[in-house]
Amino acid sequence: MSRRHRRSLQIAAATALMVTAATACNAAAKSDASDSASGGSGKTFTLVTPDAVGQNEFLKLAVSGVKDAAKQHDGSQKVYESTDTASQQQNVQAAVDAKPDVIVLVGFEFADIVAQQAEKNPKQQFLIIDACTTKTFKNVSCAVFREHEGVYLAGAEAGLLSESGKVGAVDVLDTPQFRRYSDPFAAGAKKVASKTTTDTRFVGGQSPFDDSARAKEQANTLLAKGYDQIMAAAAAGNYGVFEAAKAKGAYAYGVDVNQCVSAPGTVVDNVIKRTDIAVEKGIESVLSGKTGTVSYGLKEGGISLTGLEDGVDSSKCVIADHKDVLAKVKELRDQIVSGELKVDDPAAS
């Protein structure tokens, strides 16, 4: 389980309210920048990541988004890969010094830093992905996600595939914000199978975002009661959920990126965030003079399921073998996109 996934769940509350609590420090450190500029003469874009990109699919999509934006504008782009909280600040400073048309940053780690820089550099445009600053700035735009829409679709898959009629979830904390990853799962299952029994277990404890053992324990509690489809929203504890499900011959669902590859035959599907879409559309919006916070869901293509994306047949996801289920899920997706079907957001005020 990547650190990015843990962070994503940690800011679920903040993104739902479009306000983020930042934890980035202001210490200086060595900057780890990856220079991938292209030689166009148009707009310039700089992406700053909270961690090294490596094999992190969440960040790789963001890189793809900024590259596509540069290509569309016959421009250039540069990627600064951070390694810790200190290099995050130094990389942002380097980006500001370069004065690109738009600086794109991924994650809540940058909220405080951007707030400081935006005030000092009112002519520099910033775009934060999957987070936002607490205070509103005219030169700061934010892209947040409606995760609950994708979770609802995953729940529909679970309801259609469950043999026991029992669908559950393992969530990090019992708060309205984190229930965005569990309540819609139950609602989706009941939409397609009204008699479905649902339950949610919470990791809690001292380290709810990093406790694989407790997550596994909660999953086993559900499995012992006959639950055979489990939404894994336990951050770094997802591996524990997958292990428990595999041992019992049950199934689980991942989040943010394709987690089927970590447990082939066990993970049915994933609620994924298309950071590339948010980056590309966000940059376009900023360049057109439309700043502020934009929410990306199924309609905008910012939220999806691995099963609804190209390449599902090679994804190692169980859902690839259930085309009939995918057909019904696509119908639900279309209803949500058209506005015919509304998914309740547990974090809505």
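Visitor: Is D256 buried or exposed?
Guide: This is a predicted model, in which local features need pLDDT of at least 70, side-chain atom pairs count only at pLDDT 80 or more, and totals for chains, interfaces and linings use all residues. Residues are numbered from 1 along each chain as its sequence is written, and side-chain values use heavy atoms, with hydrogens and water left out. Buried means under 20% relative accessible area, exposed over 50%, and partly exposed in between (1.4 Å probe, protein chains only). Because its relative accessible area is 4%, D256 counts as buried.

Visitor: What is the phi of D256, and in which strand does D256 lie?
Guide: Most residues other than glycine have a negative phi. D256 is not a glycine, yet its phi is positive, at about 75°. Helices (H or I, at least four residues) and strands (E, at least two) are DSSP runs numbered from the N terminus, and the run that holds D256, residues 251–256, is strand 10.

Visitor: Where does K316 lie, and is K316 buried or exposed?
Guide: K316 is another residue other than glycine with a positive phi, near 70°. K316 belongs to the loop between strand 13 and helix 11 (323–338). Since its relative accessible area is 51%, K316 is exposed.

Visitor: What is the order of the strands in the open sheet of six, and which strands are at its edges?
Guide: Two strands pair if DSSP finds at least two bridges between them, and in this open sheet, where the pairing is mixed, the order is 8-7-9-10-11-13. Strand 7 (residues 166–171) runs parallel to strand 8 and is joined to strand 8 by six bridges, with K166 standing opposite T197 in strand 8. The edge strands, each pairing on one side only, are strand 8 (197–202) and strand 13 (303–305).

Visitor: How many residues apart are F178 and F209?
Guide: Rings of Phe, Tyr and Trp (its six-membered ring) pair if their centres lie within 6.5 Å, and planes under 30 degrees apart count as stacked, over 60 as edge-to-face and the rest as tilted. F178 and F209 form an edge-to-face pair, with 5.8 Å from centre to centre and 65° between the planes, and both residues are buried. This pair links distant parts of the chain, since F178 lies in the loop between strand 7 and helix 7 (183–192) and F209 in the loop between strand 8 and helix 8 (212–224), and the separation is 31 residues.

Visitor: Why are Y239 and F242 separated by about one helical turn, and which of them is buried?
Guide: Y239 and F242 form an edge-to-face aromatic pair, 6.5 Å centre to centre with 75° between the planes. The separation is about one helical turn because they are three residues apart in helix 9 (residues 238–248). Y239 is partly exposed, with a relative accessible area of 37%, whereas the residue that is buried, at 3%, is F242.

Visitor: At what angle do helix 6 and helix 7 pack?
Guide: Among the residues of helix 6 that meet helix 7 are V151, Y152 and L160, and among those of helix 7 that meet helix 6 are F185 and V192, where contact means heavy atoms within 4.5 Å. Axes are lines fitted to C-alpha atoms, for helices over the stretch in contact, and angles run from 0 to 180 degrees between N-to-C directions. The axes of helix 6 (residues 147–161) and helix 7 lie 6 Å apart, and the packing angle is about 45°.
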